[in-house]
Amino acid sequence: MKILVLEDDNAIGSYIADGLREEGHSVDLIADGADGLVQATVGSYDAMVVDRMLPGLDGMSVVKTLRATKNLTPVLFLTSLGGVDDRIEGLLAGGDDYLVKPFSFGELSARIMAISRRPRTEAEPTILKAADLEMDLLHRRVTRGGQTLDLLPREFALLEHLLRRKGRVQTRTMLMEAVWDIHYDPLTNVVDTHISRLRGKIDKPYETELIETVRGSGYRINDV
Amino acid sequence: MTPVFGFNQIRSTPLRLTFLLLTIFALAALACLAVAFEVTRTSIDAAVAAELQQTINEYRGIRDGDDLTERLAEAAAKTDADVRILFYVPDRGSVVSNVASFPPVSGVTVVSDSFIRAKSGSVSDSYLALSARVGAGHLIVAQSREQVEEMGEIFLAVLLIGLLPALLIAGLAGLWVARGARIKIDAIQHTLLELKGGTLSARIEGVEDQNDDLSGIGQEVNRMARAQEALVASIRQVSSDIAHDLKTPIQRVAVVLDQVMNKTTLTEGQEELLSKAIRETERIVQTFQSLLQLAQIEGGAVRDRLHSVDLAEISRDIVDFLEVEAEERGFALSLRIQPDVATCVRGDRHLLSQLIGNLVQNALTHVPQGGPVVVGVTRTGGETVLTVSDNGPGIPESERSKVLQRLYRLDQSRTTEGNGLGLSLVSAISDLHGARLTLEDNKPGLTVRIAFPATEPA
């Protein structure tokens, strides 16, 4: 993927750029907002990482201007500590997701992948599959190898979220936001507990594990 | 507002003073009237007695016995017994009088009508009588005391139409003045309670441009509160300034640690140490995040974003999320939502879920032995009330207002995790929503009760 990073802090900017390059992306790093806007307009990017505070032109204005010119490149906003307001403002300005510094690289990477591959507007499937696991959304039933599994509503929701994003890493915060709509850091490993309970039902009795732990990032469900 | 003349107001100082002054005034007025009445009565009686004496002296001047009897009979015949009674008992012969009978008296005596029998017509209620030896017999001359009685009536009238209305007017005026003072005292008391409860913006209204003593006290209280508020504001400013200044270096440290973790090959021991450093950094970041978030919430900008949200639904989500953690740690987290009532409040979903989450996690952290933790949503008197109850050690009454202050922690909880900002955030979020937060005794344990103002259902 071709990714544009607008970040004025040298250390953090190169941390992001280097990390993304290592993952095989092509990255342009720019520290000034006005220059960044020009670059975003001429280059065609698959995703952008934009810091809220930039010299020249602030990140919000960059994205607002882009959106006004019908440029729909997915944008992940970065912001300094401290905001409740910022998140909503960023999303209203046309950002697709929002990340508070400091963040782990895994979190950033997973979120960029998530916004750059937004589910296309195709007919909603009624059956989700991963290997021999099947989720029937109409009858709210889950089977593995033909055997019906008894899931609690929240376990069902968690599994559905992972299945819909098969092959993509979902971080703990992403799961928390999507499944429970919780947007603060509860400083606990509750998500891990939820995952381990889900695993107890869908993975433990079987030979292959479907839910994979991605070190330093989160979880991913795989076809095998 | 409490009724100004209610029973419990009897204890108020201004009202007591009013009643005391009224009583003194009434007693003094009554005493004056009584003395005046007595003096006047005595002088009237003295004048009457002198007149009686003179009448007797006149009859004594008549030497001839027959002439005396004749003169007395003549006088008795034309004297109205209602005004004056003549009663002559000669040593020999029949009584000469204008009444049928009269009791024997000696000296000046008051005689009531029950001892007198009238001949015809009526007699007065009471008489002042004087008897003396005149000629060859005893003469009693008695003068009606109607004058004295009339005077008594006049005094009673003075009392009824003069004193009682005056007392009534003075009483009402006193109550009015006492009410004014009472309102000010109530305002001062109320404001002091609010200040004590941590509402540093509380001020006493309507005392600034007045110069009575109570207003003076009120002005002093206001001055004190202003100073206190400024001090607290500057402490807050300093803590959020520090957080702002340290933000960038902390972000960089976090980045570097993450890079070391992911980009270098580490021995198991090194990795463990690094993980510890990362966890500690996360805690620092979280503390800073909380401090900055507090500053932002207290700044009030979020207030514009509030809209109708369902407190029951938010509680359900957060309980659903934290239930497994509670279970792992030996707690039974449950939800009690009053059925069939409106549970919507004007609020911010994310902040409210943080509020409930903080309260639940607070219970999980501070109750050492585990047990039930209940999140409740009810509707009482138009308010939607959120409660989070545990059966842990609770918070002593004296510490309750302090725990809501920033970074305050009870001594016994110094050893447990947390940065002391959880309850401050809860308190700030609750204030932002215009809700009332109280800490109550769950007997045993703690109940945190947050009452949200009434709203229209969405």
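Strand β11 (residues 211-214) of chain A runs antiparallel to strand β12 (residues 218-221) of chain A, and four bridges join the two; strands here are DSSP runs of E with at least two residues, helices are runs of H or I with at least four residues, both numbered from the N terminus, and two strands pair if DSSP finds at least two bridges between them. A:V214 has A:G218 in β12(A) as its bridge partner, and within the hairpin, which has three residues between the strands, A:G216 takes a positive phi near 75 degrees.

This is a predicted model, in which local features need pLDDT of at least 70 and side-chain atom pairs count only at pLDDT 80 or more, while totals for chains, interfaces and linings use all residues. Residues are numbered from 1 along each chain as its sequence is written, chains are lettered from A in the order in which they are written, and side-chain values use heavy atoms, with hydrogens and water left out.

Turning to the interface, contact (heavy atoms within 4.5 Å) involves 40 residues from chain B and 37 residues from chain A. The buried area, meaning the accessible area (1.4 Å probe) that two parts lose on being put together, summed over both, is about 3,700 Å², 56% of it on carbon and sulfur atoms. B:Q251, B:F321 and B:H350 supply 19% of the area that chain B buries against chain A, more than any other three residues.

| Interface item | Value |
|---|---|
| Salt bridges, chain B and chain A | seven |

A salt bridge is a side-chain nitrogen of Lys or Arg within 4 Å of a carboxyl oxygen of Asp or Glu.
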